[in-house]
Amino acid sequence: MKYDTLLIEKPAEGVGLIRLNRPRQYNALNSTLLIELGKALETFDADDAIRSVIITGSDKAFAAGADIAEMAGISGQEMLEMVEASTGWRAISTFSKPTVCAVSGMALGGGFELALQCDILLAATGAKFALPEVNLGVIPGAGGTQRVARIVGKSLAMEMVMNGRPMLAEEALQRGAVSRVIDPADIEAEAIQLAKELADRAPHAVRAGKACVNKAINTTLEEGLVFERDSFIPLFDTEDAKTLMTAFLNKSK
């Protein structure tokens, strides 16, 4: 399929890469991009040869937020219709395979919200994260208020949401929003290496682990423990587990 706002690559066996590609707009998320993102993710989810996916942007910008030119002057009802048609948000939240987000430059507003929906977030040194929607008289509308509060805590989340306070990569690492800060020249190579490692893991276990961690941050401990147990037991009936445990005991690869 041809995309107008994305570049699709397969940089390693088992790995798909989605590159946001609106360079003149610093990869601002318009309705076309979000619809195409949904289609790309659905295609990768259905492709058994793809076992992990990277989402990235350019050196200067992962995504500068929503496309303000598209939003200015529309009504609440029109925004609701636009959100419901933007299948990319639903596709990333329901994507079953591991996702790695590689952020260079800025991830603002909707760009930060998209990055937060990925499983593992890598940031280039100096990358900037912010939720500046208050400067436009609105708030984040794709999960930003909820996800950032769960990650950085109430006080900093309040400052970021109500006052647009930015957070650089180094602080994001300290706060737990990203897992690594990497030299900008190396971030894509490291993202590909990580995605390749995930693609080479037992897929049933990887998907179960992803589902359990997502459950942990969205429910109580008691409910999460039940979900973990119910995900853990069936893995013993998979060929992956039988093969890997036998290999471990036999000291074979």
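This is a predicted model: local features need pLDDT of at least 70, side-chain atom pairs count only at pLDDT 80 or more; totals for chains, interfaces and linings use all residues.
Visitor: Which strands stand at the edges of the open sheet of four strands?
Guide: The order of this open sheet is β4-β6-β8-β9, and its pairing is mixed. A strand at the edge has a single partner strand, so one side of it is left without a neighbour in the sheet. The strands to which this applies are β4 (61-63) and β9 (167-168).

Visitor: In β6, what is the bridge partner of Ala-61?
Guide: Strand β6 (residues 106-108) and β4 pair in the parallel sense, and two bridges join them. For Ala-61, the bridge partner in β6 is Met-106.

Visitor: How many residues of the contact of α4 with α5 are charged?
Guide: On the α4 side the contact is made by Trp-89, Ile-92 and Ser-93, which meet Gly-110, Glu-113, Leu-114 and Gln-117 in α5. These residues divide into three nonpolar and three polar, and the number that are charged is one.

Visitor: Which residues of β5 are buried on each side?
Guide: The strand is mostly covered, with five of its five residues buried. In a regular strand the side chains alternate between the two faces of the sheet. In β5 both faces are covered, one side by way of Thr-99, Cys-101 and Val-103, and the other by way of Val-100 and Ala-102.

Visitor: In β7, what is the bridge partner of Val-100?
Guide: β5 pairs in the parallel sense with strand β3 (residues 52-56) over four bridges, and there Val-100 is the bridge partner of Ile-54. Four bridges also join β5 to strand β7 (residues 120-124), and these two run parallel. In β7, the partner of Val-100 is Ile-120.

Visitor: Does Ser-104 count as buried or exposed?
Guide: Ser-104 has its place in the loop between β5 and β6. Leaving aside neighbours within four places in sequence, its contacts include Asp-59, Phe-62, Ala-124 and Ile-187. Buried means under 20% relative accessible area. Because its relative accessibility is 8%, Ser-104 counts as buried.

Terms used:
Residues are numbered from 1 along each chain as its sequence is written. Side-chain values use heavy atoms; hydrogens and water are left out. Contact means heavy atoms within 4.5 Å. Ala, Val, Leu, Ile, Met, Phe, Trp, Tyr, Cys and Pro count as nonpolar, Asp, Glu, Lys and Arg as charged, and the others, Gly among them, as polar. Two strands pair if DSSP finds at least two bridges between them. Buried means under 20% relative accessible area, exposed over 50%, partly exposed in between (1.4 Å probe, protein chains only).
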